[in-house]
Amino acid sequence: MTLNFRDRAEQYLILVEGGPPSNFSAWSPDLPGCAGVGDSIDECVSDMLDAIAFHLGGMASDGDPLPEGTGPGVYVARNPRAAA
């Protein structure tokens, strides 16, 4: 089910935040409750695309309409942390 929605997953905007010293996390304003994480930005985006595909597959299985994506695109919020 997830593989059928992987291409469609790239139509959704992905927002990435965090970073060292912790991991990165991602979410999409188009799909509340859908999130991804990773040790790097690339890993985080890949995890998020998998999560979106899985989310869309579940929605389709339930007969729910799939929302239009506001992407494609990845926005990374870079907030450098002050050294202690």
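Ser28 counts as buried, since its relative accessibility is 2% and the cut-off for buried is under 20%. Keep in mind that this is a predicted model.

**The loop between S2 and S3**

- Ser28 sits in the loop that links S2 and S3.
- The Ser28 side chain gets to the backbone oxygen of Leu13, at 2.8 Å.
- Setting aside neighbours within four places in sequence, Ser28 has contacts with Tyr12, Leu13, Cys34 and Met48.
- Asp30 is in that loop too, between strand S2 (24-27) and strand S3 (35-38).
- Asp30 is buried but has no salt bridge. Its nearest side chain of opposite charge is Arg8, and that's 9.7 Å away.
- What the Asp30 side chain does reach is the backbone nitrogen of Thr70, at 3.0 Å.
- Not counting residues up to four places away in sequence, Asp30 touches Tyr12, Leu13, Pro67, Glu68, Gly69 and Thr70. Tyr12 and Leu13 turn up in the Ser28 list as well.

**The sheet**

- There are four strands here, forming an open sheet with mixed pairing, and the order runs S3-S2-S1-S4.
- Going from one strand to the next, the twist averages 20°.
- Strand S1 (residues 13-18) and S4 run parallel, joined by four bridges.
- If you want a spot to look at, Leu15 has Tyr75 in S4 as its bridge partner.

**The helix on the sheet**

- Helix H2 (residues 41-61) packs on the sheet and touches S1, S2, S3 and S4.
- The direction of H2 makes about 150° with that of S3.

- Arg6 belongs to helix H1 (residues 6-9) and Asp50 to helix H2, so the pair ties together parts 44 residues apart in sequence.

Notes. Residues numbered from 1 in each chain as written. Predicted model: local features only at pLDDT ≥ 70, side-chain atom pairs only at ≥ 80, totals over all residues. Heavy atoms only, no water. Helix = DSSP H or I, 4+ residues; strand = E, 2+ residues; numbered from the N terminus. Buried < 20%, exposed > 50% of the residue type's maximum accessible area, 1.4 Å probe, protein only. Lys, Arg positive; Asp, Glu negative; His and termini not counted. Salt bridge = Lys/Arg side-chain N within 4 Å of Asp/Glu carboxyl O. Polar contact = N/O pair within 3.5 Å; in protein donor to acceptor, adjacent residues only side chain to side chain. Contact = heavy atoms within 4.5 Å. Pairing = 2+ DSSP bridges. Axes fitted to C-alpha atoms, helices over the stretch in contact; angles between N-to-C directions.
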